[in-house]
Amino acid sequence: MGNRLTQIATRTGDDGSTGLGDNTRVSKHSGRPHAMGDVDELNSHIGLLLCEPLPDDVRALLVEVQHQLFNLGGELSMPGYELLKDEALLHLDAALAHYNAQLPRLLEFILPAGTRAAAQAHVCRTVARRAERHVVALQEQEAMRAAPRQYLNRLSDLLFVLARVLNRVDGGDDVYWKSERLAQMQGDGE
């Protein structure tokens, strides 16, 4: 799996290039570094979410996600290498089904708000969507497995659901967009 970093300030990137795991160098502006950077940023935002008080099961799930994102980033850094396993996607599917089953039906669009933990989960969701877009762009340029794209797509869905779960931890609720349709529904007693 390539060499482990023993020195951080190598100055090899001063020319605007970065090294991939297969020892090739590419522009820092090319598709792989964009995708890798977004996955790294997502992992950092999940780390920030883990600083919040969370239910133990959600915390364990997010810690596992961090490990899988590290695998995904490693796979992106080494063209042709597979680190993200199919089981990781199945784990997200199971978590998505589990947490979604606990939630009431959405009445309208919700705002990325509520508790700090829920708002941070929404930030993670939006970064996951950006990472997914960059992986899709990379897949349009290079042959790649579908798993990285699928994992990010499913993870963004899960983060949306977890934001709703986290808003309910202490009896809270979603923060709904104040739409005309919702106001009419509430006025009609629905």
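Predicted model: local features only at pLDDT ≥ 70, side-chain atom pairs only at ≥ 80, totals over all residues.
Glu82 and Lys85 form a salt bridge, their closest N and O atoms lying 4.0 Å apart; the term denotes a side-chain nitrogen of Lys or Arg within 4 Å of a carboxyl oxygen of Asp or Glu. Residues are numbered from 1 along each chain as its sequence is written, and side-chain values use heavy atoms, with hydrogens and water left out.

Glu82 is partly exposed, with a relative accessible area of 38%, and Lys85 is partly exposed at 40%. Here, buried means under 20% relative accessible area, exposed means over 50%, and partly exposed lies in between, with a 1.4 Å probe and protein chains only.

Glu82 also meets the side chain of Arg145 in a salt bridge, at 3.7 Å from N to O. Arg145 lies in the loop between helix 4 and helix 5 (147-167), and Glu82 in the loop between helix 2 and helix 3 (86-100), so the pair ties together parts that are 63 residues apart in sequence. Helices (H or I, at least four residues) and strands (E, at least two) are DSSP runs, numbered from the N terminus. At 25% relative accessibility, Arg145 counts as partly exposed. Through shared partners, salt bridges join Glu75, Glu82, Lys85 and Arg145 into one network.

How many salt bridges does a search of the whole structure find? The search finds 13. Another pair is Arg116 with Glu52, whose closest N and O atoms are 2.8 Å apart. This pair links distant parts of the chain, 64 residues apart: Arg116 is in helix 4 (residues 116-141), and Glu52 is in the loop between helix 1 (31-49) and helix 2. Arg116 counts as exposed at 62% relative accessibility, whereas Glu52 counts as buried at 13%.

Let me turn to helix 2. Its 22 residues, 56-77, should span 32 Å at 1.5 Å a residue, and its end C-alpha atoms are 32 Å apart, which agrees; the expected span is 1.5 Å times one less than the number of residues. Buried residues in helix 2 include Val58, Leu61, Leu62, Val65 and Glu75.

Finally, the whole chain. The protein chain has 6 helices and 2 strands, in the order β-β-α-α-α-α-α-α along the sequence. Of its 190 residues, 40% are buried.
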